[in-house]
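Work through the exercises below with the sequence and the 3D view side by side. Try each task before reading its solution.

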Amino acid sequence: MELFLYNSLTRKKEVFKPSRPPETGLYTCGPTVYNYAHIGNLRTYIFEDILKRVLTYNGYKVKHVMNITDVGHLTGDRDMGEDKLEKGAQREGKSAWDIAGYYTQAFKKDINRLNILEPSIWCKATDTIGEQIELIQTLESKGYTYTINDGVYFDTSRFENYAKLSHQDLEALQEGARVEKNLSKRNPADFALWKFSPSGVQRQMEWQSPWGVGFPGWHIECSAMSMMYLNDMLDIHCGGTDHIDVHHTNEIAQSEAATGKPFFSFWMHGAFLIITGGKKMAKSEGNFLTLESAFLNKGIDPLAYRYATFQTHYRKPMEYSGKVATAAQNGLFHLRNQVRTLMDAGEPAAIDSKFQKRFHETINNDLNMPRAMAVVQDLLKSNLNAGAKLATVFEFDRILGLDLSELAKKQDLPEDIQKLVQARKDARKAKNWALSDELRDKILALGYQVQDTAQGMKVIKP
Ligand code: AMP
Ligand code: ZN
């Protein structure tokens with residue numbers, strides 16, 4: 001079955017084919033780790049997770065690389081302002097390295113809570129400074145760079161077709177140049193490859209380079225890392241729509257200038273999460289909600305957020321309010337109840353091929369999750385027998401990632417058992433084995449059996 005994906009480069013839905021099937025290279029721009037991810041960022045990561053699951057469903061073997069921006073992303077995307085990491089360090093009175101470490105862990109925790117599959121390769125900007133310097137040297141030797149007082153810049157006028165992704169009007173950008181503070185740049189769109197540490201200031205994160213002590217510009221890391229890890233598998237590159245005009249446009253320019261070859265065949269972008277009234281959710285707007293503040297602290301299952309994002313196609317802005325969270329929680333609970341009723345009626349049997357085909361066609365149509373959710377409901381309302389429905393909905397859950405089989409079972413536990421199970425988890429965390437065994441016996445006396453598996457604790461009614 002053909003997989004259609006919308007390619008921002010051609011602005012069309014195209015049939016996807018990787019360059020070395022079944023291997024597929026996927027690069028997704030990762031977080032700048034100076035603060036918690038907000039649920040807008042997380043919407044983009046959920047869209048990318050669905051993409052990856054759909055690729056896998058279609059038989060592709062996905063090599064997924066995600067970077068962690070732990071240096072060099074300034075508060076203004078066009079190389080002005082402070083380094084976000086150093087700013088975070090000042091705010092919290094910690095070192096920039098500690099800030100990066102802390103928020104990287106927080107990010108990983110968030111994506112695990114959302115059942116977002118981890119990338120095959122995580123890579124930090126600060127671990128690839130050498131590769132980034134080499135890439136800038138290549139650009140320098142080909143005549144694409146120039147140096148001014150605060151850094152080494154890429155001359156966008158030397159790269160033909162600079163606006164091929166963004167389709168932006170460079171003359172309009174030229175007119176808007178008055179607002180740009182850096183008047184030494186040759187063209188307003190030019191961007192920093194290497195920034196110098198300000199004189200007399202010792203930055204926490206800085207490195208020697210052929211041009212002087214400093215740090216890399218934000219865009220160069222993604223070019224260096226994707227080429228380093230994906231090499232001849234530059235198939236799909238993703239991010240949010242805000243990356244089109246600057247970050248991805250600059251990545252393409254510097255990579256293609258350096259290698260003379262096309263840099264990624266598919267570019268895919270997730271639309272914004274906006275708050276009621278149309279404003280985008282952004283850390284800089286101070287209107288941002290995290291998974292913790294909007295879901296966990298309100299006692300709402302974080303997977304309800306995953307479920308909520310399925311209601312809007314990834315290329316359409318999604319409006320968020322507290323009502324969305326409660327509606328999604330109700331929707332998710334209803335779905336789990338439906339699955340639980342089926343589980344009470346029997347075991348999973350054979351997958352229904354007609355529904356599977358419908359579902360597959362729907363996700364292969366540029367990841368149409370709102371329609372896919374409608375197929376799930378049609379299946380559950382159909383007159384198929386319980387076993388076929390169960391098997392088919394579990395098959396769909398390979399894409400949905402809602403842990404339907406696990407969670408439906410878990411909710412069946414009476415409250416007193418759930419409490420004992422939690423107490424046993426805490427005891428094991430504290431390595432209190434005696435208490436853990438005692439609780440196991442208590443649970444058994446109430447008619448439930450505990451099993452410790454590689455995936456964690458399982459409770460079953462024998
Ligand atoms: P950042 O940590 O700022 O580099 O952003 C991480 C990812 O989130 C990028 O792919 C951004 O394009 C994306 N992003 C930023 N704001 C939003 C938003 N309000 N809705 C959806 N995605 C966003
Ligand atoms: Zn990037």
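**Exercise 1. Strand pairing**

Task: Which residue in S14 stands opposite leucine 273, and how are the strands of this sheet arranged?

Solution. 
Step 1. Find leucine 273; methionine 318 in S14 stands opposite. This is a predicted model: local features need pLDDT of at least 70, side-chain atom pairs count only at pLDDT 80 or more, and totals for chains, interfaces and linings use all residues. Residues are numbered from 1 along each chain as its sequence is written, chains are lettered from A and ligands numbered from 1 in the order in which they are written, and side-chain values use heavy atoms, with hydrogens and water left out.
Step 2. Identify the pair of strands. Strand S12 covers residues 273–275 and pairs with S14 in the parallel sense, over three bridges. Strands here are DSSP runs (E, at least two residues), helices are H or I runs of at least four, and both are numbered from the N terminus. Two strands pair if DSSP finds at least two bridges between them.
Step 3. The order is S13-S12-S14, an open sheet of three strands with mixed pairing.
Step 4. Look at the edges. S13 (279–280) and S14 (318–320) each have a single partner strand, so one side of each has no neighbour in the sheet.

**Exercise 2. A hairpin**

Task: In which sense do strands S6 and S7 pair, parallel or antiparallel?

Solution. 
Step 1. Recall the rule. Strands of a sheet pair through backbone hydrogen bonds, either parallel or antiparallel.
Step 2. Apply it. S6 (residues 145–148) and S7 (residues 151–154) pair in the antiparallel sense, over four bridges.
Step 3. Check the link. Two residues carry the hairpin from S6 to S7. Isoleucine 148 stands opposite glycine 151 in S7.

**Exercise 3. Domains and the largest cavity**

Task: Which domains each give at least three residues to the lining of the largest cavity?

Solution. 
Step 1. List the domains. They are domain 1 (4–270), domain 2 (283–408) and domain 3 (415–460). The bounds come from an automatic or database domain assignment. The centres of domain 2 and domain 3, taken over C-alpha atoms, are 29 Å apart.
Step 2. Count the cavities. There are five of 30 Å³ or more. A cavity is a set of points, on a 1 Å grid over the protein atoms alone, where a 1.4 Å probe fits but cannot get out; lining residues have an atom within 4 Å of a point. Points are joined across faces, edges and corners, and the volume is the space filled by probe spheres set on them.
Step 3. Take the largest. It holds about 130 Å³. Its lining has 14 residues; Phe47, Thr309, Thr312, Tyr314 and Met369 lie nearest the centre. Helix H1 (39–57) and helix H12 (369–381) are the elements that give two or more residues to this lining. H1 gives the most, with four.
Step 4. Answer. Domain 1 and domain 2 each supply at least three lining residues.
Step 5. Sort by class. The lining has nine nonpolar residues, four polar and one charged. Nonpolar means Ala, Val, Leu, Ile, Met, Phe, Trp, Tyr, Cys and Pro; charged means Asp, Glu, Lys and Arg; the others, Gly among them, are polar.

**Exercise 4. The second largest cavity**

Task: How many charged residues are in the lining of the second largest cavity?

Solution. 
Step 1. Note the volume, about 50 Å³.
Step 2. Inspect the lining, which includes His73, Asp77, Asp79, Lys195, Trp218 and His219.
Step 3. Count by class: three charged, five polar and three nonpolar.

**Exercise 5. Backbone exceptions**

Task: Is phenylalanine 264 buried or exposed?

Solution. 
Step 1. Locate phenylalanine 264 in the loop between helix H7 (244–259) and strand S11 (266–270). Its phi is near 70°, positive in a residue other than glycine.
Step 2. Read the accessibility. Phenylalanine 264 counts as buried because its relative accessibility is 3%. Buried means under 20% relative accessible area, exposed over 50%, partly exposed in between (1.4 Å probe, protein chains only).
Step 3. Compare aspartate 403, in the loop between helix H13 (386–400) and helix H14 (404–411). Its phi is also positive, about 55°. At 31% relative accessibility, aspartate 403 counts as partly exposed.
Step 4. Finish with the peptide bond from proline 21 to proline 22. It is cis, with omega near 5°. Proline 22 sits in the loop between strand S2 (12–15) and strand S3 (23–28).

Note on methods. 1 Å grid on protein atoms, 1.4 Å probe; cavity = no way out; pocket = protein on both sides within 12 Å on 5 of 7 lines; lining within 4 Å.
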